[in-house]
Amino acid sequence: EVQLVESGGGLVQAGGSLRLSCTASGFPFEDYAIGWFRQAPGKEREAVSWLNIADDNTQYADSVKGRFTISSDNAKNTVYLRMTRLKSEDTAVYYCAAMTGSTEWKRADEYDHWGQGTQVTVSS
C-alpha cells in the first residue's frame, strides 16, 4: 500500500518556526522526488518546495526561499520541511506528494501519490 503521512502542523506565532514531516511507505523511496504543496481556503494548491531523493536537488517557491528548508532522512523514508520566520500568509494545509519521471515540480498533476495534509496556522 502506497502511503504518505504528514505531521508537525499546528498553531505558531508570526516569526516562529515549525518542522513538518512526511513519511513514505509502499514505494521505492529513492526513485522518487517529494514535493510540498499548500492550500488555503478558496485558493489553488501551490507548490512550496521539492526534493529529489536520489541526488538531494532542491527547489523552493520564491515566497518561501530563505525561510524554508527541505531535507530527508532516507533511513526513515521521511522528508522534512523546516519552516522559519513564519508569516500569516503561510497559513494553509500543507501536503506532501511523490513524483517520478518529471522535473515539473510545481505541477500538482505530475505527482503520483499524496498525503492527507497537515494544518499550519500562523497568527499575526
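**Loops, hairpins and a disulfide**

Author: Aspartate 56 sits in the loop between S5 and strand S6 (58-60). This is a predicted model.

Reader: What is phi of aspartate 56?

Author: Near 65°. That is a positive value in a residue other than glycine.

Reader: How many residues lie between S5 and S6 in their hairpin?

Author: Five, and aspartate 56 is in that turn. S5 and S6 run antiparallel and are joined by three bridges.

Reader: Which residue stands opposite tryptophan 50?

Author: Glutamine 59 in S6.

Reader: And how many residues of S5 are buried?

Author: Six of its seven. S5 is mostly covered.

Reader: Other side of S5 now. How do S4 and S5 run, parallel or antiparallel?

Author: Antiparallel, with six bridges between them. They also form a hairpin, with six residues between the strands. Glycine 42 in that turn has a positive phi of about 80°.

Reader: What stands opposite arginine 38?

Author: Glutamate 46 in S5. Arginine 38 itself lies in strand S4.

Reader: Is arginine 38 buried or exposed?

Author: Buried, because its relative accessibility is 5% and the cut-off for buried is under 20%.

Reader: Which side chains make polar contacts with the side chain of arginine 38?

Author: The side chain of glutamate 46 makes one at 2.8 Å. The side chain of tyrosine 94 makes another at 2.9 Å.

Reader: What else does arginine 38 touch?

Author: Leaving out residues up to four places away in sequence, its contacts include Glu44, Arg45, Val48, Ser63, Val64 and Phe68. Glu89, Asp90, Ala92 and Val93 are also among them.

Reader: Phenylalanine 68, then. What does it touch?

Author: With the residues up to four places away set aside, its contacts include Arg38, Val48, Tyr60, Leu81, Met83, Leu86 and Tyr94.

Reader: Which residues touch the most other members of the largest nonpolar core?

Author: Ile34, Trp36, Phe68, Val79, Leu81, Met83 and Tyr94. That core has 29 residues.

Reader: Which strands each supply at least two residues of this core?

Author: S3, S4 (33-39), S5 (46-52), S7 (68-73), S8 (78-83), S9 and S11 (118-123).

Reader: What does the second, separate core include?

Author: Phe37, Ala47, Trp50 and Ala97 are among its eight residues.

Reader: New topic. How many disulfides does a search of the whole structure find?

Author: One. It joins cysteine 22 to cysteine 96, with S to S at 2.0 Å.

Reader: Where do cysteine 22 and cysteine 96 lie?

Author: Cysteine 22 is in strand S3 and cysteine 96 in strand S9 (residues 92-99), so the pair ties together parts that are 74 residues apart in sequence.

Reader: Left-handed or right-handed link?

Author: Right-handed, with 70° about the S-S bond.

Reader: Are these cysteines buried or exposed?

Author: Cysteine 22 is buried at 1% relative accessibility. Cysteine 96 is buried too, at 0%.

Reader: What about serine 21? Where does it lie?

Author: In strand S3 (residues 18-25). Serine 21 is buried, with a relative accessible area of 13%. Not counting residues up to four places away in sequence, it touches Val5, Glu6, Ser7, Trp36, Thr78, Val79 and Tyr80.

Reader: Last one: arginine 85. What is its phi?

Author: Positive, about 45°, although arginine 85 is not a glycine. Arginine 85 is in the loop between S8 and S9.

Reader: How accessible is arginine 85?

Author: Arginine 85 is partly exposed, with a relative accessible area of 49%.

Note on methods: Residues numbered from 1 in each chain as written. Heavy atoms only, no water. Helix = DSSP H or I, 4+ residues; strand = E, 2+ residues; numbered from the N terminus. Buried < 20%, exposed > 50% of the residue type's maximum accessible area, 1.4 Å probe, protein only. Contact = heavy atoms within 4.5 Å. Disulfide = S-S within 2.5 Å. Core = buried A, V, L, I, M, F, W, Y, C linked by side-chain atoms within 4.5 Å. Polar contact = N/O pair within 3.5 Å; in protein donor to acceptor, adjacent residues only side chain to side chain. Pairing = 2+ DSSP bridges.
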